[in-house]
Each structure stands twice: as structure tokens, then as C-alpha cells.
Protein chains: 2
Amino acid sequence: MTIRLLLVDDHAVVRSGLKMLLSGQKDMEIVGEAASAAEALSETERVQPTVVLMDIGLPDQTGIEATRAIKIKFPDVKIVALTIHEDEEYFFQMLNAGASGYVPKRAAPEELITAIKAAAIGEVYLYPSLAKFLVRDFLSTEQPAGEKVNLDGLTEREHEVLTHLAEGASNVEIASSLVISPKTVERHRENIMRKLNLHSRSDLVRYAIRKGIIKA
Amino acid sequence: MTIRLLLVDDHAVVRSGLKMLLSGQKDMEIVGEAASAAEALSETERVQPTVVLMDIGLPDQTGIEATRAIKIKFPDVKIVALTIHEDEEYFFQMLNAGASGYVPKRAAPEELITAIKAAAIGEVYLYPSLAKFLVRDFLSTEQPAGEKVNLDGLTEREHEVLTHLAEGASNVEIASSLVISPKTVERHRENIMRKLNLHSRSDLVRYAIRKGIIKA
DNA sequence: TTTCTTTTGGGGAGTACACCCCATCCGTGC
DNA sequence: GCACGGATGGGGTGTACTCCCCAAAAGAAA
């Protein structure tokens, strides 16, 4: 079964390139083109494509709005975003609008083809640089690496020891890592704890993560 | 910069096939192999790979547990799941465990290579048949995706104890808080540590923060 | 020069932890 | 009924940790 494609992009050159690229695919057929959101909707109605390749930057509306409009009228039509934008915001909005795929224009041609085929059979292709956003959202664990400023009154060495401590290393492990005696490590740890008013390794771990000294 | 790979699969034949397949890649180098979860962990420590190719069905533990263990000890090591399983359950668990990619064994070789490269630069490759699950999850829960039940295999009580442990409480403090014996707290702690393959309070703290169980 | 800080290290006391053993009670499932 | 897992506890062993004491060398600051 051939995949019926509708190309939506306001640049004729881009559409031509896509036609050139995709015409080599036996199982695909380009059944229509559109240069605006309004046209995209009417063309979808007219040609009943399997998959719509949707640009985001369109003259009248955004491709996001066009996607939403198409999915409301034709829920079975799959839409793959093909755009220069690689930021989280557009990506999430396209997903919310109902897109079945998201491919940056810089992607390799094979990736676009994979995305189209995936969309056609009800699956979803996400470009790796965008997929990570979704996974991060899924894990919902925000931990943007904080500034590595050193203003807690610790000395250079103490800071170094703290890093190891926070990573869960034992005194002996740290000693061997820093090539000093375990007793010295202990000494540093005591000083760190006194300065920071902490009293356990668990406290040190949380402190270090809060300060961005280590990642969780 | 070459990508250092560790292959984890209990079938030697599979590993051989992967070596054959990946040896053609100039920017990749296979630096180790493992046939079990335990071996995976020790090999990771030994060879410090960039990316671990992780099977799920392993003799001693699941690849999910192995992934969790590796990510806790070596957060920077990227892990790509390579498995015969294509169901939602395993997929979500691997993501929760910290995987940077998920590729079914039936996928095309190029897709595996893409996934490895994506993981190596901190991105995420998700196979289309799995990606749709994540998108559906994203759309259904809209904001608080992921972390809702005990995907880590802990019981209700253990989860409760873990929270206190992660906050730095001692056994005695937790005992008095939960109105049980310190010995019981210890019992729970042991079970938690065994299930999560952790061995110190510091590990527990980092685990809990990563999971969003407590804030840093 | 003298003082202070940093880094290095040892001894020891008391506590907490990590990891084993054991058992009982209770509810769910077969 | 019986098995099974979960929650509850006790005992013990060895190690690691937390916190005190002490000191000395090197370098910066007074």
C-alpha cells in the first residue's frame, strides 16, 4: 500500500527538493502540496493523504495550528513536522497538536523517510535531539547543572574531598584516589562537616546536589 | 572521538553479530563484553565505556536492574537498550532506570548505530514503535508524566522508609517516626538496598533525588 | 619574624551502619 | 487449607563512620 503524501511548506524550493527526494520511494506518492495553513487544510480535505509533511513557519498560521485543525477534522491523517526549529517549546506544542513525528530539516533523508513510514503505520518517529526532551519530561526530574561557584568557605582540597564524599565514596576510596592517608580524608571530612554544620554523609550528598557540585 | 562500547548480552552469538556489525564503524570501538548483570557492572567500572548496549533478559538480573545499578554508580555512562521486548512496560522501566535509547533487536542496523551515536552525545533515540507509547503518556498525563507508582519494585512501607533514609534520618529516628523498632527499619533498609542494588546511604540519597522522591 | 591557614597524619572512644542469621503475625491467592 | 509475600522484631559480627585528642611542614599574611 502506497503512502499518500501532502507537502506543506511555504517555500517552493523546499517542496521541490522533497519531491525529488521522496519520488525515489516506491511506496510513497506525493498527492498534493500546500504553501499555507489554509491551503493545507483544504488540500487535506481534497486529496485525503495518509501523511502530511508539515512545516512550522507558515505565512498565515503556524504549522502547529494547522496540525491541530487537520487533526480535528481528520483524526486519521498522520502529520510529521519537518522544520528548522529544534527547541523544546515547538516540539511539545506539535505533539500536543497531534503530530506523529518530528524531524528537523537538517536530518538525514533516510530519517525523514523512516519518520513518514512510522507515521503511516500509526507509530511515532522522534528525532534524537528532541526525544531527549520528551524523556526528560517523562522522568520529570529537573536538575539543570548549577553554577560551580565555590563560596561555601571550603578550601580547594576540602571541596575536592567533598565531591568524592558526595559521590558515595568511602574514606579509604577517597584516600587512594587522592593519594593521601584515610586519616587525612577523615580530617578534611570533619572540617567540611563543621564548616557546613552537617553531620552525616547523607547530608553531604544533598548539600552537594543542591549546590550543583555533583549531579544526582 | 571514538565511542567506547560495552556489549551486554548473555548470548555469545548475539555479541559476535554485534561486533561484526559495529566493527565497520570507524568512530566506534568495542572495549568490553558482559554476559550478566554483575559482569556488566564490573566491566563498566573497568573499561569506562561511553555507551553500554544492554540486553534485558540476563541470567542473574534484568537489564533494567543492571541499568539502574550502572547509572547510579556511573551517571555519565549512556545506556542503550537492545532487546526483543517491545512492550510498554519494559520500555518505561528502562527509561526510568536511566536508558538513553531503546532499540528492538528486529530494528535495522542503521537504527542501532543512530541510537548509539545519539546516546553518545547525550541525546535519546527511541524506536518509533516505542516512541508512540511515550507520546501517548505525555498527552494523557500532560504534565506529571512518569513517577507515579513504585516502578522500582519497592513496597509501600519500603518506599516510606526510603524517604526518611534519603532525608538523612538515622535508623533510630526513622523508627521513632514510624513507631516501629529500629531493627525493623534496618530490615526494610536491607530489603531496599538489595532490591535497588545500592550499598550505602549516600547511594540511597542520590537515588531518591533522581527519582524525585525527595528534593535536594 | 611571628602568626595564621592549609594540608598532612596518628590515636582512640563510642556509635552507626551493612549484612548475615533467626522468628512471628497477617492478609492474598491458589 | 496452605503457600507466599509483606511487616514486624531479635541477635550477632565486622566494618565504617563521627568526633575528640594530638602534631608538623609549607606557605601566606601580619
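I start at the DNA: α9 (182–196) of chain A and α9 (182–196) of chain B each supply at least two residues of the surface near DNA strand D. Helices here are DSSP runs of H or I with at least four residues, strands are runs of E with at least two, and both are numbered from the N terminus.

Some conventions. This is a predicted model, in which local features need pLDDT of at least 70 and side-chain atom pairs count only at pLDDT 80 or more, while totals for chains, interfaces and linings use all residues. Residues are numbered from 1 along each chain as its sequence is written, chains are lettered from A and ligands numbered from 1 in the order in which they are written, and side-chain values use heavy atoms, with hydrogens and water left out.

Which parts of the DNA face the protein? On the base side, an N or O atom in the side chain of Glu186(A) is 2.7 Å from a base nitrogen, and a polar side-chain atom of Lys183(B) is 2.9 Å from a base oxygen.

Now the protein–protein interface. Contact (heavy atoms within 4.5 Å) links 41 residues of chain B with 35 of chain A. The two chains bury about 3200 Å² between them, 64% of it on carbon and sulfur atoms; buried area is the accessible area, with a 1.4 Å probe, lost on putting two parts together, summed over both.

How many salt bridges cross between chain B and chain A? The rule, a side-chain nitrogen of Lys or Arg within 4 Å of a carboxyl oxygen of Asp or Glu, finds zero.

Last, chain A itself. The domain assignment, automatic or from a database, gives domain 1 (3–139) and domain 2 (156–210). Their C-alpha centres lie 52 Å apart.

Key:
A polar contact is a pair of N or O atoms within 3.5 Å; within protein, one must be able to donate a hydrogen and the other to accept it, and residues adjacent in sequence count only if both atoms are side-chain atoms.
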